[in-house]
Amino acid sequence: MNRAEQTSAPSLSGGCAMELGVLVYRLYRALTYSASPFLHLHMRWRRLRGLEHSRRWPERFGHPSAVRPPGPLVWFHAVSLGEGMAAIPVIRRCNEMKPEMTILMTTTTVSAFEVIKKQLPVGVLHQFIKFEQFAPLDTPVAIDRFLGYWKPNAIVIMENELWPNLIMSASQLRIPLALLNARMSTKSFKRWSSPLLLPLASLLLSKFSLIVPLSTLQGIHYQLLQAPPFVINFSGDLKYVVNKFYVSSGTSESIRDLKAELSEMKVWIASSLHRGEEEVILGVHNLLLQSHPDSVVIIVPRHPHHGHQIAQKLRNDGQSVALRSRNEKLTSKKTNIYVVDTLGELREFYGVAPVAVIGGSFFPELTGHNLSEAAAAGCAVITGCHVGHFSHMVKAMQQENPLSITQVSSELELKEAVELLMSNPEILEARQRASKEVYESLSSCIISNVWNLLNLHIFRGK
């Protein structure tokens, strides 16, 4: 972000800004209160479409699904899968240091709920996360019902969730608030910086006892939105450490069989693909087949249903493709495309391919995806140039070792980058080693830093 953008947030005198922030919040509270009946109908519609849990959707209105135990309770909230996985290492450390503390974790998406639940074995789930349920909508009734029942001693919010009713109600109840791995896109920053919303942003951020931005640039964003300077602290990006605390049930037999089946092939994986990016990957794959007829691409779309659509289109075009959800095998040399249309297996598939292309980065409207998972698996990592939220990660990795990640800006550059690695085992090995070493370096000490900050600003005396 350039200097002009950094200084674009208008300023108001302290008292005037606070009064305007309170006025905007009262308007928001009135609107969300009035909208509650319509939101109820909307959630029923989402449940019918499978976008909400079929039985537990009332939790979105603050209704509990379990009995609150006695003693201190900390509420961790993560909106979706990526944020939820980033929270798990922190939750584990909290349980180690304060075993008497009950932890309630909430998410807002069905996919996050299911994957996080499966990622932790039943015994570990009860040991580390005492309760898991869906987060309440940010309406006055739902939030008041939720806080009134669970009575959390502290609230830890992941990444970019600034919900006014939640934050203001927690503040009124004197519940300490922390924002971990805090980030804000340029678009969100511009919106919160507008003359109408800046006073509200300032009011909301003033209620936090701790804000831990994931990068220096993000810290600047929060400072410009008038967060109190003394609550902003740095620890490192929590998404680096997800893999260190990932509890694996072991590589499945089918993935081991696939790895053995591909042992003599030139394999690369393209992960977290958004709609349209598969065309880029398939175009590169077709070019690579001309010089490397033994190459196989593993395609992992961002959303599983997109994978099924990709496979169907390829088959309609007369191409042979294997689909993960059906446990289809690469039965012949003509099958050189493997589509993963399942959730929660990406880390296992990174172990199958030595080259990983990270999607969400090939079109201007996209903002990148987590690169550290592939680096942790020892893949040679390639990404496009539209990395948005993860630009700090790309920069940090390249500064540590330029070989750890390759950025490309066109389909031709991507083809050349993958072909270079396929044709030169020494270069491939050097890139794999670099990404693994950089990951280990950047992920060290992050959890200890986060715990120390939480203990100092949030948990002390609880």
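Visitor: Where is Leu 210 found?

Guide: Leu 210 sits in strand S6, which covers residues 210–213. Keep in mind that this is a predicted model.

Visitor: Why is Leu 210 called buried?

Guide: Leu 210 has a relative accessible area of 0%. The cut-off for buried is under 20%, so Leu 210 counts as buried.

Visitor: What is Leu 210 in contact with, leaving aside its neighbours within four places in sequence?

Guide: The list includes Leu 177, Ala 178, Leu 179, Leu 180, Val 231 and Asn 233. Leu 453, Leu 454, His 457 and Ile 458 are on it as well. Take Ile 458: Leu 210 and Ile 458 are 248 residues apart along the chain, yet their C-alpha atoms are separated by 7.4 Å.

Visitor: And the whole chain, how much of it counts as buried?

Guide: Of its 462 residues, 53% do. The secondary structure comes to 19 helices and 13 strands. Among contacts with a separation of 6 or more, 71% are between residues 24 or more positions apart.

Visitor: Which residues touch the most other members of the largest nonpolar core?

Guide: Leu 180, Leu 238, Ile 298 and Leu 454 do, in a core of 66 residues. Helix H19 (residues 446–459) gives the most to this core, namely eight residues. Not counting residues up to four places away, Leu 238 touches Ala 86, Val 90, Met 158, Leu 180 and Asn 181, along with Ile 446, Ile 447 and Val 450. Another core, of 36 residues, lies apart from the largest one, with Ala 201, Leu 203, Leu 204 and Tyr 222 among its members.

Visitor: Now the sheet. In what order do the seven strands of the open sheet run?

Guide: The order is S9-S10-S8-S7-S11-S12-S13, and the pairing is parallel.

Visitor: What makes S9 and S13 edge strands?

Guide: Strand S9 (322–323) and strand S13 (405–407) each have a single partner strand, so one side of each is left without a neighbour in the sheet. 

Visitor: How do you know that S12 and S13 pair?

Guide: Pairing takes at least two bridges. Strand S12 (residues 380–383) and S13 have three, in the parallel sense, so they pass that test. Val 381 stands opposite Ile 405 in S13.

Visitor: Which helix packs on the sheet, touching S7, S8, S10 and S11?

Guide: That's helix H12, residues 277–291. Its direction makes about 170° with that of strand S7.

Visitor: Which residues of helix H16 are buried?

Guide: His 392, Met 393, Val 394 and Met 397 are the buried ones. What covers them includes helix H15 (372–376), S13 and helix H18 (425–443).

Visitor: What is the phi of Lys 151?

Guide: Near 45°, a positive value in a residue other than glycine. Lys 151 is in the loop between helix H6 (140–150) and strand S4 (154–158). Cys 445 also has a positive phi, about 75°, although it is not a glycine. Cys 445 lies in the loop between H18 and H19.

Visitor: How do you know that Cys 445 counts as exposed?

Guide: Exposed means over 50% relative accessible area. Cys 445 comes in at 53%, so it counts as exposed. Lys 151 has a relative accessible area of 53% and is exposed too.

Note on methods. Residues are numbered from 1 along each chain as its sequence is written. This is a predicted model: local features need pLDDT of at least 70, side-chain atom pairs count only at pLDDT 80 or more; totals for chains, interfaces and linings use all residues. Side-chain values use heavy atoms; hydrogens and water are left out. Helices (H or I, at least four residues) and strands (E, at least two) are DSSP runs, numbered from the N terminus. Contact means heavy atoms within 4.5 Å. Axes are lines fitted to C-alpha atoms, for helices over the stretch in contact, and angles run from 0 to 180 degrees between N-to-C directions. A nonpolar core is a set of buried Ala, Val, Leu, Ile, Met, Phe, Trp, Tyr and Cys residues joined through side-chain atoms within 4.5 Å. Buried means under 20% relative accessible area, exposed over 50%, partly exposed in between (1.4 Å probe, protein chains only).
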